[in-house]
Amino acid sequence: MFGLEALDLARIQFAFTISFHILFPAITIGLASYLAVLEGLWLKTHNDTYRDLYHFWSKIFAVNFGMGVVSGLVMAYQFGTNWSRFSDFAGAVTGPLLTYEVLTAFFLEAGFLGVMLFGWNKVGRGLHFFSTVMVAIGTLISTFWILASNSWMQTPQGFEIINGQVIPTDWFAIIFNPSFPYRLMHMATAAFVATAFFVGSSAAWHLLRGKDNPAIRTMLSMAMWMALIVAPIQAVIGDFHGLNTLKHQPAKIAAIEGHWENKGDEATPLILFGWPDMKEERTKFAVEIPYLGSLILTHSLDKQVPALKDFPPEDRPNSTIVFWSFRIMVGLGFLMIFTGLWSLWLRKRDTLYTSRPFLYLALWMGPSGLIAILAGWFTTEIGRQPWVVYGLMRTADASSNHSFAQMSITLIMFVVVYFALFGAGLGYMMRLVRKGPKISEGEATPEGGPGKKRTPARPLSAADDSSDADHGDDVTLNKEI
């Protein structure tokens, strides 16, 4: 069917499931740290706005965390079911790294998650804040180990091959492989930026509907400060990551640039747009800027960038895909930087919360961080092809011996179940976002601890009987439009 084989379906299935999964940890990482900041600010300032926002976003965090755990389990099973030969070859490295993630991160998150979500008035303020911080740290530690494993597959070192299997010889070299620091910083920063625009979009939505209060304004303000500061930092990290990739995976860079061959001693131009054709071995309709490719990728005006024709056809990544996935990621990154700068200009003019053009931009930029993460992930993983462990094991040699029919059935099942299950979960999460933070209006907060009043926070029971309020808001917005 469509010229696909069982291997292609296995790759599509893995790409499909990981595309769903990666969205949830990204928001989990950002929201966990956001919640820690909110609670810390509330403890320091006693401003109830921060407490109200904490309660609001903790509900969304709980739903997101649950969907991330469920979707993550599927990823682990696929290593055994669909990629058994890879597991046999590299399991001595990837297995322990994923185990470390469970032992040091997931147990830490799970151990303090209950206190964080349900113990607001059951334990003391200090212990509750400590629990929130531990959950936030746990998400970052989890990112550390997952990226260590994946980065080793990109730039493997610290091993030897005995009897067709990878045997670790230096765990420090395995964990801190050449691409790991850049990929860790790039992913963690991307999670913070994605969460900032998710939060900012939520605030913009409420402001456009006429719901203006200190909590909504604080949401937008904090999100735009994060965008202003972190989005440019992400661009700098991306530049360093690109230089590292050029050194260790030059074929990936050539595919990203759609650069097929060097001409004499000419500097490499930057192809802004075009259509890389893998069969004709050229980029059609190319719009080029002379010298800029060399300037960006080598920080010089005369050095050349390796070209795709420098590599055998069987060792070339699919330039058609990574050329455009990379440009989607970079284009959204520039939009994020622009949004942050515009917010600063409006803040100085005291119109940040009333400029409708900006609020509409912030609203539509809500999913931009997640789309950029997916585009970057496609660039990284497809750009590594045809290798599953770069330079050591080809993807074609890593899959299990399944038939086309078996892979077709399981892929269809995954698509149906994922859209049904996670579609419902995302719908519920958006329902929580539409409700907005509940304003306490100066009500006293009971102290926690023995003998004190206890009211458990129930994050999964917050989206009840909101249809009337939502309907009223919809009528208001329709009248404005």
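Is Asp 48 buried, partly exposed or exposed? In this predicted model, Asp 48 has a relative accessibility of 24% and therefore counts as partly exposed. The cut-off for buried is under 20%, and exposed means over 50%, so a value of 24% falls in between.

Asp 48 has a charged partner. It forms a salt bridge with Arg 51, and the closest N and O atoms of the two are 3.6 Å apart. Both residues belong to helix H2, which covers residues 48–81, and they are three residues apart there, so about one helical turn separates them. Arg 51 has a relative accessibility of 4%, which means that Arg 51 counts as buried. As background, side chains of opposite charge can pair when their charged atoms come close.

Arg 51 also takes part in a salt bridge with Asp 52, where the closest N and O atoms are 3.8 Å apart. In this pair, Asp 52 and Arg 51 are both buried.

A search of the whole structure gives 12 of them. One of these pairs Glu 257 with Arg 327, with 4.0 Å between the closest N and O atoms. This pair links distant parts of the chain: Glu 257 is in helix H8 (residues 250–257), Arg 327 is in helix H10 (residues 319–348), and the two are 70 residues apart. Glu 257 and Arg 327 are both buried. Salt bridges can also be joined into a network, as happens with Asp 277, Glu 280, Arg 282 and Lys 284.

The next step is to look at the domains. The protein is divided into domain 1, made of residues 24–177 together with 415–437, and domain 2, made of residues 190–401. Their C-alpha centres lie 23 Å apart. Where the domains touch, domain 1 contributes 40 residues to the contact and domain 2 contributes 36 residues.

What share of the area buried between domain 1 and domain 2 do carbon and sulfur atoms give? The buried area is about 3,000 Å², and carbon and sulfur atoms give 72% of it. On the side of domain 1, Ile 27, Arg 85 and Gln 154 supply 20% of the area buried against domain 2, more than any other three residues. The number of salt bridges between the two domains is zero. Polar contacts do cross the interface, however, with 14 residue pairs found.

Several elements build the side of domain 1 that touches domain 2. Helices H1 (6–45), H2, H3 (84–118), H4 (125–154) and H13 (404–435), as well as strand S1 (159–162), each supply at least two residues. H1 gives the most to this side, with 10 residues. Sorted by class, the residues on this side of domain 1 are 26 nonpolar, 11 polar and three charged.

Thr 218 lies in helix H7, which spans residues 214–248. Its relative accessibility is 17%, so Thr 218 counts as buried. A polar atom of the Thr 218 side chain is 2.7 Å from the backbone oxygen of Pro 214. Apart from neighbours within four places in sequence, Thr 218 is in contact with Thr 49, Tyr 50 and Leu 53.

Conventions:
Residues numbered from 1 in each chain as written. Predicted model: local features only at pLDDT ≥ 70, side-chain atom pairs only at ≥ 80, totals over all residues. Heavy atoms only, no water. Salt bridge = Lys/Arg side-chain N within 4 Å of Asp/Glu carboxyl O. Helix = DSSP H or I, 4+ residues; strand = E, 2+ residues; numbered from the N terminus. Buried < 20%, exposed > 50% of the residue type's maximum accessible area, 1.4 Å probe, protein only. Domains from an automatic or database assignment. Contact = heavy atoms within 4.5 Å. Buried area = accessible area lost by both parts, 1.4 Å probe. Polar contact = N/O pair within 3.5 Å; in protein donor to acceptor, adjacent residues only side chain to side chain. Nonpolar A, V, L, I, M, F, W, Y, C, P; charged D, E, K, R; others polar.
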